[in-house]
Amino acid sequence: EPAKEIVKRFATGAMSYGSISLESHSTLAEAMNKLQGKSNTGEGGEDVNRFGTNKNSAIKQVASGRFGVTINYLTNSNEIQIKMAQGAKPGEGGELPG
């Protein structure tokens, strides 16, 4: 299988631009789009100005309905990743009921 076909299956981990810089977040998206791979917004969402550009992340993560999850956000994705639960963080809860 040619390398250019293999890289289409590559995807970045979910990293929000709250955890990495906006420049890094945008650069990862741009690089993955160039390879025809997928970048992931992480739960920090994505600036609407990146939608429809080479800096648009293919995977949009939805976590607890936060961070501007709108119809526009969701329709500008190739894949939606729904974060069902996460480990407890101080002040956030994170425990599953029951």
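These legends accompany close-up views of a predicted model. Residues are numbered from 1 along each chain as its sequence is written, and side-chain values use heavy atoms, without hydrogens or water. Local features need pLDDT of at least 70 and side-chain atom pairs count only at pLDDT 80 or more, while totals for chains, interfaces and linings use all residues.

View 1. The largest cavity has a volume of about 40 Å³, the volume being the space filled by probe spheres set on points joined across faces, edges and corners. Its lining residues (an atom within 4 Å of a point) include Thr-12, His-25 and Ser-57. α2 gives the most, with three residues; helices are DSSP runs of H or I with at least four residues and strands are E runs of at least two, numbered from the N terminus.

**View 2. Ser-39 in strand β2.** Ser-39 sits in strand β2 and counts as buried because its relative accessibility is 2% (buried is under 20% and exposed over 50%, with partly exposed in between, for a 1.4 Å probe and protein chains only). Leaving aside neighbours within four places in sequence, Ser-39 is in contact (heavy atoms within 4.5 Å) with residues including Thr-12, Leu-28 and Ala-29.

View 3. The buried residues of α2 are His-25, Ser-26, Ala-29 and Met-32. They fall within an arc of 130 degrees seen down the axis, so they line one face of the helix; the arc is taken from directions from the helix axis to the C-beta atoms. Exposed Glu-23 and Lys-34 are on the face turned away from the buried side.

Key
On a 1 Å grid over the protein atoms alone, a cavity is a set of points where a 1.4 Å probe fits but cannot get out, and a pocket is an open set with protein on both sides within 12 Å along at least five of seven lines; lining residues have an atom within 4 Å of a point.
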